[in-house]
Amino acid sequence: MSQAAVRLSLSQKEASDLEHGVNNSLHSDISPSILISSGMDYEDQQCCLRRDHSALSVHATDLQLVKFQERSNTLQCKIAQWCTIQLLYFPSVAHLRSSDIKSSIDSTQEEKPTDINLWLPSQIRRETLLPCNDSFSKYEWDLRHAQAFDALDDLHWHLRLRTHLYKFKDAQIRSQRANTCAGIIIKNVEINVSVAAERYRRAWNTLSALAPSLARDVWTTELPKLEEGDIRGMGDSTFGESSRNHTLSWIWKARGVATAGMEGEAVLLEALRVKWCRSRARANQWVEEVELLLEEMRPSGNRQDVNLGNF
């Protein structure tokens, strides 16, 4: 289930509660589920802004610096408004905010919007001893669970695209200019692969922090920890493996990884079907080579007798 589907389900649940006279919202525009989902969106924007800041060169132009500063200012204003509404649902966060403000005052550097702690339920449970409502933790659990599957789906898409680009580059690209352009495109795809992997790891760490309090024990079977060696295409092998004995990464065998509906599921199944056909062809080729080798190892006299018997 994707994040959009989870948000729709939570909104429908809140609408059903309102029809029965139950209203858990403390703000006219921001419900508890919207508060958590908005906080997760701001967390993604913080990570994106942090990556863009590290990508800026020493000799960045004024236009690049202006665009980055405007994005930073906009994000800081949005987070400030969100934090004000957060205090309605999490009054205990006021103490944590005061500690953050005091540490920023003592520091010589100004606090950046990328360094602001959002204090979502998972972070409160992981870094503090303050109580947290289980309903908010369940909201974040559902959204993070869907976020992990969305990140896996993005990871599949970019890995398949990277494989296609490498094959196209080897088969079609010849000149230096074309190779340079192809290298830039592949580099951008590699960045997208790293972004999807980072997003999955962030969701996985959050789920691991929320699991003990919500008594969720079996979630790691469908969402294992993502190691660096797991991020590879279907045809890529690890060190010490060949094309005949390489293993498939778990990211291609995880259940429910295609979140784009029937079309996304069909694309993934087609890729797995092609991979299985190639593996079966290699196995049949190996059996044929063994039979030919055994035939070559037979004494030459036996083969001559067989040939004479045919006449």
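The following questions and answers concern a predicted model of a protein.

Residues are numbered from 1 along each chain as its sequence is written, and side-chain values use heavy atoms, with hydrogens and water left out. Because the model is predicted, local features need pLDDT of at least 70 and side-chain atom pairs count only at pLDDT 80 or more, while totals for chains, interfaces and linings use all residues.

Q: What percentage of the residues in the protein is buried?
A: A residue is buried under 20% relative accessible area, exposed over 50% and partly exposed in between (1.4 Å probe, protein chains only). The accessible surface, from the Shrake-Rupley method with a 1.4 Å probe, comes to about 19,500 Å², and 56% of this surface belongs to carbon and sulfur atoms. Of the 311 residues, the buried share is 35%.

Q: Is glutamine 86 buried or exposed?
A: Glutamine 86 is placed in helix α3. Beyond its neighbours within four places in sequence, glutamine 86 is in contact (heavy atoms within 4.5 Å) with Leu35, Val93, Arg97, Leu118, Trp119 and Leu120. Because its relative accessible area is 1%, glutamine 86 is buried.

Q: What is the relative accessible area of glutamine 147?
A: Glutamine 147 belongs to helix α6. Setting aside neighbours within four places in sequence, its contacts are Gln3, Met40, Asp44, Arg199, Arg202 and Ala203. Glutamine 147 therefore counts as buried, at a relative accessible area of 0%.

Q: Why does phenylalanine 136 count as buried?
A: Phenylalanine 136 lies in helix α6. Apart from residues within four places in sequence, it is in contact with Pro32, Ile36, Tyr89, Phe90 and Pro121. Phenylalanine 136 counts as buried because its relative accessible area is 7%.

Q: How are the axes of α6 and α7 oriented, roughly parallel or roughly antiparallel?
A: Axes are lines fitted to C-alpha atoms, for helices over the stretch in contact, with angles from 0 to 180 degrees between N-to-C directions. The axes of α6 and α7 (residues 176-214) come within 8 Å and cross at roughly 155°. Angles under 35 degrees count as roughly parallel, over 145 as roughly antiparallel, 65 to 115 as roughly perpendicular and the rest as oblique. Therefore α6 is, relative to α7, roughly antiparallel.

Q: How do α2 and α7 pack, roughly antiparallel or oblique?
A: The angle between α2 and α7 is about 140°, and their axes are 12 Å apart. In this pairing, Glu43, Asp44, Cys47 and Arg51 of α2 meet Val195, Glu198, Arg199 and Arg202 of α7.

Q: Where is tryptophan 119 placed?
A: Most residues other than glycine have a negative phi. Tryptophan 119, however, has a positive phi near 55°. Tryptophan 119 counts as buried because its relative accessibility is 6%. Its place is the loop between α4 and α5 (121-127).

Q: Is alanine 215 buried or exposed?
A: Alanine 215 lies in the loop between α7 and α8 (261-297). Its phi is positive, about 60°, although alanine 215 is not a glycine. Because its relative accessible area is 59%, alanine 215 is exposed.

Methods:
Helices (H or I, at least four residues) and strands (E, at least two) are DSSP runs, numbered from the N terminus.
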